[in-house]
Amino acid sequence: MTMLSLSSSPHQHNRRDTGQVMRLVCFATIPGILANVWFFGFGILIQISLAIITALVTEGVIMELRKKKTERVLKDYSAVLAALLLALSIPPLAPWWVIVIGTFFAIAIVKQLYGGLGYNMFNPAMAAYVMLLISFPVQMTSWLPPQSIAEQSYSFWDALHTVFTGFTSTGFNVEQLKVGIDGTTMATPLDQVKTSLLQGYTVTEAKTHLIFDGQYGKGWLWVAFGYLIGGLYLVKSKVISWHIPGSMLVSALFLSFVFFLIDGDQYASPLFHLFNGSIIVGAFFIATDPVSASTTVKGRLIFGAAIGLWIIIIRNWGGYPDAVAFAVLIMNMAVPLIDYYTQPRTYGHKKKASKKS
């Protein structure tokens, strides 16, 4: 007699197991990571290494305490992917304890406390990112300028030294590394525009800052393209479906275009929003999490579109320049409701005949 097994999400309708899917998603981030290293230095590689080590140790210890099959759980690579996405989201030279605390929170609290893979309500990486941003705002907003316009350059050894001690091998701290060649402290393109608008400048005037190269932030455009290449590969290879990233990007572009038409001096263009910040990595690598995202076709379209709308709303009127993490967590809470009302009709179901008057 054939036995049927019951399992929790993620469910893949092909021959790839969960570990293979998670590994492919990790590999797809490589173009974006390489671009990040080229423009912003080696710090991101150190953060990724610390995050993955912390995730594996945390999940392994918890599995041992729960008396589960540790090796099988670690081989599904879900902890590695969560750690990787969190590492991509924080400043490259953030102190080592920031990524360790964040990764532990993502795996132990957001994932394992809910029962492990398939049971967590929230995206672990984004929940950990928001926790870190609220708890350690200074460390989480210490982004560096592209090395081409930085007053002080740094090597891999400098990055390693800074992450663990707060200073490069030559004695420069993070605040000094944030200074550009014009002597001013650099910020991200989104930060720069938001701060300029609060000071009474227009978007066009804000983009005359050294960190911009025309419409886009220096380096940020190529990092976004790197993740776009990886994301399109995931769609083409059917690791993820197009519904969430497609609807998310379209809704964000549409709403930002509407605001741009209303007042181009106060609202940035759609392409500015698309290639500055983390919309692309969020659309293809974060919002598509098979556990915390919607599971129906219509639901994925609604889920992705709502995330895109929230991103533009928060960016324009919220307190945080980038908004992907907050938008994803908001919609994670709405997933049960979305899935409930978008379930396809059961095969063989017939509508009740209406009574003739």
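Predicted model: local features only at pLDDT ≥ 70, side-chain atom pairs only at ≥ 80, totals over all residues.

Start with helix H2, which covers residues 30–40. Gly32, Ile33, Ala35, Asn36, Val37 and Phe40 are buried there. What lies over them? The cover on the buried residues of H2 includes H3, helix H5 (78–89) and helix H13 (220–236). Just after H2 comes glycine 41, with a positive phi of about 95 degrees.

Now the charge pairs. Side chains of opposite charge can pair when their charged atoms come close. How many salt bridges does the structure hold? There are three.

Take lysine 111 and glutamate 59. Their side chains meet in a salt bridge at 2.9 Å, N to O. Lysine 111 lies in helix H6 (residues 96–111) and glutamate 59 in helix H3, so this pair ties together parts that are 52 residues apart in sequence. Is each partner buried or exposed? Lysine 111 has a relative accessibility of 4%, so it counts as buried. Glutamate 59 is buried too, because its relative accessible area is 1%. The cut-off for buried is under 20%.

Aspartate 322 and arginine 315 form another salt bridge. Their closest N and O atoms are 3.0 Å apart. Arginine 315 counts as buried because its relative accessibility is 6%. Aspartate 322 has a relative accessible area of 23%, so it is partly exposed.

Glutamate 175 and lysine 178 also meet through their side chains. This salt bridge spans 3.6 Å, N to O. Lysine 178 is buried, with a relative accessible area of 9%. Glutamate 175 is at 42% relative accessibility and therefore counts as partly exposed.

Next, a buried lysine without a partner. Lysine 194 is found in helix H11, residues 189–198. This lysine is buried yet has no salt bridge. Which side chain of opposite charge is nearest to lysine 194? That is aspartate 191, 8.3 Å away. A salt bridge needs the nitrogen within 4 Å of a carboxyl oxygen. What does lysine 194 touch instead? Leaving aside neighbours within four places in sequence, lysine 194 is in contact with Ile314, Arg315, Asn316, Trp317, Gly318, Gly319, Tyr320 and Pro321. One of these contacts, Arg315, is the arginine that forms a salt bridge with aspartate 322.

Move to the surface. Arg66, Lys68, Lys69 and Arg72 gather there in a patch of positive charge. Lysine 69 sits in the loop between helix H3 (43–65) and helix H4 (70–74). Its relative accessibility is 60%, so lysine 69 counts as exposed.

The surface also has a nonpolar patch of about 620 Å². Which residues make this nonpolar patch? They are Ile109, Leu113, Tyr114, Tyr119, Met121 and Met333. Leucine 113 belongs to the loop between H6 and helix H7 (124–135). With a relative accessible area of 63%, leucine 113 is exposed.

Glycine 115 is also in the loop between H6 and H7. This glycine is partly exposed, because its relative accessible area is 29%. Glycine 115 and threonine 70 are 45 residues apart in sequence. In space, C-alpha to C-alpha, glycine 115 and threonine 70 are 14 Å apart.

Notes
Residues numbered from 1 in each chain as written. Heavy atoms only, no water. Patch = residues over 30% accessible without salt bridge, like charges linked within 9 Å, V, L, I, M, F, W, Y side chains within 5 Å. Areas by Shrake-Rupley, 256 points an atom, 1.4 Å probe, with all protein chains shown as cover. Lys, Arg positive; Asp, Glu negative; His and termini not counted. Charge placed at Lys NZ, Arg CZ, Asp CG, Glu CD. Helix = DSSP H or I, 4+ residues; strand = E, 2+ residues; numbered from the N terminus. Buried < 20%, exposed > 50% of the residue type's maximum accessible area, 1.4 Å probe, protein only. Contact = heavy atoms within 4.5 Å.
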